[in-house]
Amino acid sequence: MTETLSARAAGAGRLGSFQVNRVGFGTMKLTGWPAGKQPTRETAHAILRRAVELGVNHIDTSQFYDRDGINANELIREALHPYPDDLVLVTKFAAIDPGLTPDGLRKNVEINLETLGIDQIDVVNLRLGDNLAPVEGSLAEPLTALAKLQEEGLIKHLGISNITHTQFNEARDLAPFVCVQNAYNVAMRNDDPLIAACEEAGVAFVPFFPVGGFQPLLTEHLDTVATRHNASPQQIALAWLLTRSPNILLIPGTSDPAHLEENIAAGTLKLTEEDLALIG
């Protein structure tokens, strides 16, 4: 690991017209949503400010990250507004009130603009389904509605999330999009073909739950590699994702300041061919 900790160490990637450092930050855990340890508002603010101080310029959020009066968008605005010029804010709309109808999507845009304190959302991800596993079905209606809001200048770029390869192909015929957010990690690799398709299309792939769902065998191998690098298995899992494809951008989340620095430090790790072969 380098002595100077920086999210820039992992290099940069494209998110539409934006260039972002490949290690970003996800805000879900700052609210304890949907269930879990919730940091104080002051701690959440400190984590966000520290992330930006360390070079994070890609923050993933959602208006529905909201629990017990703590809302992720509001935390971001309170901690970071006025925003640095290079900070990219990415939100998502799902089948949660006000929903994915044309009226619901417009309300989603209006709410996010207000709570984030901005005039245009950098990236909006259309989040399909209500589970971790994608479900087949057309995304034509909501994606077309979002594209109209984009034409109005309320959204800069579109993304799609929790989608199948078939839906990826359908979306390419409907509207330009700059990223795919799907569950993916060393133990969950069903989307290998989709990652290849994204790379070929110049679309960023942003894995959610990047260190979740390890199988015992993989945990054992990660432990071995982690020992070699004086790192944690979670850091090795993040470093593996950065090695997996140049179009992968990371948004690991945390509610702990020390864990934030560990996640960013993962971008400094250089896995060897031997490491990669052991992880598989």
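**Close-up views of a predicted model**

View 1. Strand β1 (residues 12–15) and strand β2 (residues 18–21) run antiparallel and are joined by four bridges. This is a predicted model, so keep that in mind for every view here.

**View 2. The open sheet.** Seven strands line up here in the order β3-β4-β7-β8-β9-β10-β11, with parallel pairing, and the sheet they form is open. Which strands stand at the edges? They are β3 (25–26) and β11 (204–208); each has a single partner strand, so one side of each has no neighbour in the sheet. As a reminder, strands of a sheet pair through backbone hydrogen bonds, either parallel or antiparallel.

**View 3. Zooming in on β4 and β7.** Strand β4 (residues 58–60) pairs with strand β7 (residues 88–93) in the parallel sense, over three bridges. To get your bearings, find H58, which stands opposite V88 in β7.

**View 4. Two cysteines, no bond.** The structure has zero disulfides.

**View 5. The largest pocket.** This pocket holds about 640 Å³ of space. Its lining takes in 32 residues, and those nearest the centre are M28, W33, Y65, F208 and F209. At least two lining residues come from β11, and at least two from α9 (257–265). What is the lining like by class? It has 16 nonpolar residues, 11 polar ones and five charged ones. For anyone thinking in probes: rolling one the size of a water molecule over the atoms shows where empty space is left.

**View 6. The second largest pocket.** Here the space comes to about 160 Å³. The residues lining this pocket are L132, A133, P134, N162, N182, A183, M188, R189, N190 and D191. Sorted by class, that lining has five nonpolar, three polar and two charged residues.

**View 7. L218 in its helix.** L218 has its place in helix α7 (residues 216–229). With a relative accessibility of 14%, L218 counts as buried, since the cut-off for that is under 20%. For a sense of distance, take I163, which is 55 residues from L218 along the chain: the C-alpha atoms of the two are separated by 25 Å.

**View 8. Stepping back to the whole chain.** The chain has 10 helices and 11 strands, and 54% of its 280 residues count as buried. Its C-alpha atoms fill a box of roughly 55 × 40 × 35 Å along the principal axes. How does the radius of gyration fit a compact globule? A compact globule of 280 residues would be near 19 Å, and the chain has 18 Å, so the two agree.

Methods: Residues are numbered from 1 along each chain as its sequence is written. This is a predicted model: local features need pLDDT of at least 70, side-chain atom pairs count only at pLDDT 80 or more; totals for chains, interfaces and linings use all residues. Side-chain values use heavy atoms; hydrogens and water are left out. A disulfide is a pair of cysteine sulfur atoms within 2.5 Å. Two strands pair if DSSP finds at least two bridges between them. On a 1 Å grid over the protein atoms alone, a cavity is a set of points where a 1.4 Å probe fits but cannot get out, and a pocket is an open set with protein on both sides within 12 Å along at least five of seven lines; lining residues have an atom within 4 Å of a point. Grid points are joined across faces, edges and corners, and a volume is the space filled by probe spheres set on the points. Ala, Val, Leu, Ile, Met, Phe, Trp, Tyr, Cys and Pro count as nonpolar, Asp, Glu, Lys and Arg as charged, and the others, Gly among them, as polar. The radius of gyration is taken over C-alpha atoms; the globule rule is 2.2 Å times the number of residues to the power 0.38. Buried means under 20% relative accessible area, exposed over 50%, partly exposed in between (1.4 Å probe, protein chains only).
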